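Hello,

Here is the structure we talked about. Please open it first, then read my notes below.

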Amino acid sequence: MDFDYTEEQQMLQDAIGRFLEKNYTFEQRREIVASRIGYSPTVWEGMAALGLLGVPVAADAGGFGGGGVETMIVMEALGRHLSVEPYLGTVVMAASCVGAVGTKDQKDYLLPLIMDGSMRLACAFNEPGGRYDLNHVQTTARQDGGFWILNGAKSVVLHGAVADLLIVSARTSGEPGDREGISLFFVNPGEDGVGGREYPTYDGMRAAEITLDNVQVSHDSLIGVDGHALPVIELTVDRAIAALCAEAVGVMEALNAATLEYLKTRKQFGVPIGRFQTLQHRMVDMVMHCEQAKSMALLAAVKVDDPDVVERRRAVSAAKELIGRSGRFVGQQAIQLHGGMGMTDELAVGHFVKRLAAIDTQYGDADHHLDRFATAAQTPAEPILAKPRSRWKQL
Amino acid sequence: MDLNYTPEQLAFRDEVRAFVRASLPHEVSRKVIEHKHLDKADYLTWQRILFEKGWIAPHWPVEFGGCGWDAVRRHILEEECAAAGAPPLISFGLHMVGPVIYTFGSPEQKARYLPRILSSEDWWCQGYSEPGSGSDLASLQTRAVREGDHYVVNGQKTWTTLAQHADMIFCLVRTSTTGKKQEGISFLLIDMHSPGITVRPIITLDGAHEVNEVWFEDVKVPVENLVGEEGRGWTYAKFLLSHERTNIAGVSRSKRELAFLKAIAAKESDGGRPLIDNVRFRDKISRVEIDLMALEITVLRVLAAESAGKAPGPEASILKIKGTEIQQALSELMMEAVGPYALPYLPAQWSNHWLGERVGPEYAGPLAARYFNMRKVTIYGGSNEIQRNIISQAILGL
């Protein structure tokens, strides 16, 4: 049992903390959010220079070789500063997905471009009408000569419009809802037939609805094994969830610190409002929710690398459920304790609260994960395949 | 970062587990697991088994008969005992007055009382609360007046847990009424068999006799039974409270209760299907289970800090609040799970040896009484509101 960071992890935490302190103040963030592209290429370059874009990339591929804990360290810091950078999609999801099942060529080509900051990716796994179900895939991919032809629509793709490359789930066989028959493809958003509409989300990020109309991609755009992508999609999303939990903890800590400071400085009836017991107990409850959330983010960070899929599912979903609940409590009470000031756009409070609300919605809310937690053992746990079994033919 | 025990700790856990499995009487653990009534002998049996093994006071220094274990080892023992259904240790001697005596007591007090606490020869109870002094403990009124080589004690204590079994009581008494109210308090050790002491039962809403009123009428207490200095009792009382253990969260006990709840919910039928398949009920169980998973990690975080040399601090208050909320939620769900068979109130049937015709399933009988009884946990040991005050002041600086 050991809750201490290694020296390397400590350095990672210090590095990102210092970097964001300098480059991601609330005012700087406001400008980034208002900018045309909605993220900061300068910050992205800076993160690349610090090696942060290679955190989950294997050391032999030039990365940091980190796991769930290293990702947690980075995400907590990003949460504290309300980062709107495309880190989750590009690094936490795409880089680890490619790392898990990509071919040598795919890794050799992509991972260096991700790490040096020249390429951003987005994962398009969800579809209209499918809510949070990862196997609700109606988008199709069929073979035509040496190509795959994709048709369908993807919903609320975070950073979808600024991505240089999309990772898209599509059905190569079976029916929507089947666990089998789902495949992953790289899709260049500049390709003919890729349409879309970018929009802001309420928490200052950007997302896109993406349509695929007879989009033709080359045979080596397939990631992993044709028809067997669901396990790797589930793993990738679990990594995202563990990361979001850590981000939420960062947000909650910052929000609690701001609220506590307000209780100590705001005066009414001649005393700081923190002297009133009702408010003190409310603040204590916020802190306890945050501590419990922190424990769960830790559990998710450790268990997301667990080869036992049921264990991983249970821990990750338990964490997301508890953090959905605690995030809502902390957010709502932070506004209440700030009174009218909590309602303004001017203070950071509202922005933290909005991010917490958005995190609950990403990759499944508390109810969704309560259900997944309770049924974790009943859901099949297929192995993750990087290569087709020898007797299978692949394009 | 590693949430698992080290190989040494795992080996120790296996040793403890094997010992508990081999020596905890099945009769006793069955009562604990099935929420049946425990009598004095059940508690004493288990405490004497631990005493024989040398594990009765792992938190005491070796020189006084303890094991001198670190926080993690103590935690492992507590957790293994709870998981197996061992009765809780009666903490008044072992966890409360014992540490006060070995820290502040005279050599004679140490020599006389510590061995008898370890061997369970003396059953201790706690004389803190009074009818007018609950959360505001320092307002206590029980008077001790020095007369020659004796104190004469008059007053009343209340909520005295299991005083009906007790041989000794440690009391906070007022020896002075001048100055700050905390400064006139002293810490006395009183023989429960002294003339002038009357114990009256308080029957709680579940029908149990667990707590009592203890009346003192001109009770003569030898001066050598004063702990430390006169007027310093409040300091010793605070020391005692800070000796709260991380076990206060009761994670293993709650895990055991959770398993029992799931077993009941699998047996109970709801519309022709097991109750546990009713999503509305299953979700309630899952939510408590998730809270418990989080609490377990929180406990380990506090333990790790403690093992690294940090004194157990106000974080214990967080463990107390969350731990007791979970305990109450579990007892509530168990009562809900058995539906109408929560209603029959037949304490005589809550026995391992009931031979008569039973009303309802055996597991259902004590569950309502237990639910009502468990309302106490957010009140005792410093109510959860007092715990929030502690966190507010000590951690948040409000």
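In chain B, helix α9 (residues 279-307) packs against helix α10 (residues 315-337) at an angle of about 155 degrees, with axes 10 Å apart. Axes are lines fitted to C-alpha atoms over the stretch in contact, and angles run from 0 to 180 degrees between N-to-C directions. Helices (H or I, at least four residues) and strands (E, at least two) are DSSP runs, numbered from the N terminus.

Because of that angle, α9(B) is roughly antiparallel to α10(B) (angles over 145 degrees count as such). The contact includes B:Leu292 and B:Leu295 of α9(B), and B:Ile326 and B:Leu330 of α10(B). Contact means C-beta atoms, placed from the backbone, within 7 Å. The residues of this contact divide into 12 nonpolar, 2 polar and 4 charged. Here Ala, Val, Leu, Ile, Met, Phe, Trp, Tyr, Cys and Pro count as nonpolar, Asp, Glu, Lys and Arg as charged, and the others, Gly among them, as polar.

The model is predicted: local features need pLDDT of at least 70, side-chain atom pairs count only at pLDDT 80 or more, and totals for chains, interfaces and linings use all residues. Residues are numbered from 1 along each chain as its sequence is written, while chains are lettered from A and ligands numbered from 1 in the order written.

Now look at B:Val173, in strand β4 (residues 168-174) of chain B. B:Val173 counts as buried because it has 26 C-beta neighbours inside 10 Å (the cut-off is 20 or more). B:Val173 touches B:Val153 and B:Leu188, among others. The C-alpha atoms of B:Val173 and B:Val153 are separated by 8.0 Å, and the two residues are 20 apart along the chain.

Best wishes

Key:
Angles under 35 degrees count as roughly parallel, over 145 as roughly antiparallel, 65 to 115 as roughly perpendicular and the rest as oblique. Two residues are in contact if their C-beta atoms, placed from the backbone, lie within 7 Å. A residue is buried if 20 or more other C-beta atoms lie within 10 Å of its own, exposed if 12 or fewer, and partly exposed in between; C-beta atoms are placed from the backbone. Lists of a residue's contacts leave out its neighbours within four places in sequence.
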